[in-house]
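Please have the sequence and the 3D view open as you read.

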Amino acid sequence: MARTKSNKQLYGRLRDSGVRKNVAKRVAEALPAKGQKKPARAHRLADELSAAAEAIRERAGGGSRKRSNVAKKAAVTRKAKAAKRSRSAKRVPKARR
């Protein structure tokens, strides 16, 4: 079980939000005490939980947020390339004069 007060609070919060006991216990124990080594285990567990949440969102039909970000980047790229083509097309008639 979680040893420190903050770990117990984290454990309780996770349990209240519906996380299983074993998972909540692993997360609470992964956080090192203040001044100890870096919380690499905690970061790894957080990444696993994020991946699980993302899988739930995808299956629920909401789509991936990562995909949405990629789509936005693609739209920006298309717009920039179109502007570049437009500038280039405007320069050609000036060069022929």
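## Starting from Tyr 11

At 16% relative accessibility, Tyr 11 counts as buried, where buried means under 20% relative accessible area, exposed means over 50%, and partly exposed lies in between (1.4 Å probe, protein chains only). Tyr 11 is found in helix 1; helices here are DSSP runs (H or I, at least four residues), strands are runs of E of at least two, and both are numbered from the N terminus. Across to Ala 28, the separation is 17 residues in sequence and 5.7 Å in space, C-alpha to C-alpha.

Before going further, a word on the model: it is predicted, local features need pLDDT of at least 70, side-chain atom pairs count only at pLDDT 80 or more, and totals for chains, interfaces and linings use all residues. Residues are numbered from 1 along each chain as its sequence is written, and side-chain values use heavy atoms, with hydrogens and water left out.

## The overall layout

The protein chain holds 4 helices and 0 strands, so to speak an α-α-α-α run of elements from the N terminus on. Of its 97 residues, 12% are buried. Take the contacts (heavy atoms within 4.5 Å) between residues at least 6 apart in sequence: 15% of them join residues at least 24 apart.

## Helix 1

Helix 1 has 12 residues and reaches 16 Å from its first C-alpha to its last. That is close to the 16 Å expected at 1.5 Å a residue, the expected span being 1.5 Å times one less than the number of residues. Which residues of helix 1 are buried? They are Asn 7, Tyr 11 and Leu 14. These cover an arc of only 65° around the axis, which puts them on the same side of helix 1; the arc is that of the directions from the helix axis to the C-beta atoms.

The buried residues of helix 1 pack against helix 2. On the face turned away from that buried side, you will find the exposed residues Lys 5, Arg 13 and Asp 16. Just after helix 1, Gly 18 takes a positive phi of about 100°.

## Helix 2

In helix 2 (residues 21-30), the buried residues are Ala 24, Val 27, Ala 28 and Ala 30. They cover an arc of only 160° around the axis, which puts them on the same side of helix 2. Their cover includes helix 1 (5-16) and helix 3 (40-59).

The other side of helix 2 has Lys 21 and Asn 22 exposed. For Asn 22, the relative accessible area is 53%, and its C-alpha is separated by 10.0 Å from that of Tyr 11, 11 residues apart along the chain. Val 23, also in helix 2, is partly exposed, with a relative accessible area of 26%.

## Where helix 2 meets helix 3

Two packed helices are described by the angle between their axes and the distance between the axes. What are the values for helix 2 and helix 3? Their axes come within 8 Å and cross at roughly 145°; axes are lines fitted to C-alpha atoms, for helices over the stretch in contact, and angles run from 0 to 180 degrees between N-to-C directions. The crossing is left-handed, meaning that the near helix is turned anticlockwise from the far one by less than a right angle, while clockwise would be right-handed.

From helix 2, Val 23, Arg 26, Val 27, Glu 29 and Ala 30 meet Arg 41, Ala 42, Leu 45, Glu 48 and Leu 49 in helix 3. The residues of this contact divide into 6 nonpolar, no polar and 4 charged. Here Ala, Val, Leu, Ile, Met, Phe, Trp, Tyr, Cys and Pro count as nonpolar, Asp, Glu, Lys and Arg as charged, and the others, Gly among them, as polar. Val 23 and Leu 49 are 26 residues apart in sequence and 9.5 Å apart in space, C-alpha to C-alpha.

## Helix 3

Helix 3 has 20 residues and reaches 29 Å from its first C-alpha to its last, close to the 28 Å expected at 1.5 Å a residue. Its buried residues are Ala 42, Leu 45 and Glu 54. Just after helix 3, Gly 61 takes a positive phi of about 95°.
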